[in-house]
Amino acid sequence: MLSKLIAFNPELRNRINSNVIANYSKLKFSLFLLPLLLLISIAAFLFSQDALSVKGYVTIQKDLFYFINSKYAQFPQIIYNLTQIGDAMIFMSLLSIFILYAPKFWESLLSASIVSALLSSVLKKLFLIPRPAAFYDANTFVILGKKLVGHTSLPSGHSITIFTVLTVLLFAFMPKKRSSKIIWKLLIISIGLLLVFTRVGVGAHHPLDTINGAIIGYVSGLIGIFISQKYKIWEWVNHIKYYPIFILLLSVCSVIVINKINDENLFIYYITLLSLIISIIKISYVYIKDIKK
């Protein structure tokens, strides 16, 4: 059992990473046109409804917010677990094994994460949209977890994170067959929308906060990929001699997740911890094996 857990196939790693590199090399800047059109369409719709003001933006979404919130709130445990994936540390920890098998994916993910964090911070300060609990009566809808009452609703940071990671993942492992590509895209988009709307389900965001966040996340993911293609700032991820850095970071993440388990005892945290432990064991095995050569 232990031997299977720590086993590492260099040929498999090279094949996976080569496919990721090949997929990223095919991407064109025209991919930015769709998110741009979507953002323009949303702005045009809000303008046509006289909803470009803070009050107008929130009010026009009231019915949809209550509808989504009530539907998602029928599955509180599932929704509250799923919404944690919008935490960058949780989502990236779940994908930590790709440090070994697809370092090019992680190069792009690191760049994309920095871009998404910057965009989220700047845009939240720019728009100053009140959270649902700061605008509506908090007793009229379901709130799961901490009650958020600040003016940082637009865009949804969790939604940005989710689609940033999913976008990097989408293009990294894009199938070659056209039919498989369609299925893969639909799967990623469906999972993404399911996850971002949990932010409405827990009462933390308005619907358009999550949609805009998803679009910005997609853009962040693309920018991260193009940065990794043009610049070699994260190329060290591919070198075994730097694995102790990842072992340390993943160990710190494990401690943080254990603390989260002590606080909330959510199932998603156990999955995250298991993912981290497996990654630490396998990365340590490869590193130790390499220095013994």
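A residue is called buried when its relative accessible area is under 20%, exposed when that value is over 50%, and partly exposed in between. Keep those cut-offs in mind as we walk through this predicted model.

**A patch on the surface**

Let's start with Ile40, a residue of helix α3, which covers residues 33–48. Ile40 has a relative accessible area of 48%, so this residue counts as partly exposed. Together with Leu33 and Leu36, Ile40 forms a nonpolar patch on the surface.

Now to the aromatic side chains. How many aromatic pairs does a search of the whole structure find? The search gives 17. Two of these pairs are set side by side here.

| Pair | Distance between ring centres | Angle between planes | Kind of pair |
|---|---|---|---|
| Tyr66 and Tyr136 | 5.4 Å | 55 degrees | tilted |
| Phe171 and Tyr218 | 6.4 Å | 50 degrees | tilted |

Why is the pair of Tyr66 and Tyr136 tilted? Planes under 30 degrees apart would count as stacked and planes over 60 degrees as edge-to-face, with the rest being tilted. The planes of Tyr66 and Tyr136 stand at 55 degrees, so the pair falls into the tilted group.

The pair also links distant parts of the chain, as its two members are 70 residues apart. Tyr66 sits in helix α5 (residues 62–72), while Tyr136 belongs to the loop between α10 (132–135) and α11 (157–172). With 21% relative accessibility, Tyr66 is partly exposed, whereas Tyr136, at 9%, is buried. Both tyrosines are also members of a cluster that ring pairs build from Phe65, Tyr66, Phe135, Tyr136 and Phe141.

The other pair in the table joins two helices: Phe171 is in α11 and Tyr218 in α14 (residues 207–230), so parts that are 47 residues apart in sequence are tied together. Is each member of this pair buried or exposed? Phe171 and Tyr218 are both buried.

**A buried serine**

Our last stop is Ser153, in the loop between α10 and α11. The relative accessible area of Ser153 is 0%, so this serine is buried. Which residue does the side chain of Ser153 meet in a polar contact? The partner is the side chain of Asp209, at 2.4 Å. Leaving aside residues up to four places away in sequence, Ser153 touches Ile129, Pro130, Arg131 and Pro132, as well as Ala204, His205, His206 and Asp209.

Methods:
Residues numbered from 1 in each chain as written. Predicted model: local features only at pLDDT ≥ 70, side-chain atom pairs only at ≥ 80, totals over all residues. Heavy atoms only, no water. Phe/Tyr/Trp six-rings, centres within 6.5 Å; stacked < 30°, edge-to-face > 60°. Helix = DSSP H or I, 4+ residues; strand = E, 2+ residues; numbered from the N terminus. Buried < 20%, exposed > 50% of the residue type's maximum accessible area, 1.4 Å probe, protein only. Patch = residues over 30% accessible without salt bridge, like charges linked within 9 Å, V, L, I, M, F, W, Y side chains within 5 Å. Areas by Shrake-Rupley, 256 points an atom, 1.4 Å probe, with all protein chains shown as cover. Salt bridge = Lys/Arg side-chain N within 4 Å of Asp/Glu carboxyl O. Polar contact = N/O pair within 3.5 Å; in protein donor to acceptor, adjacent residues only side chain to side chain. Contact = heavy atoms within 4.5 Å.
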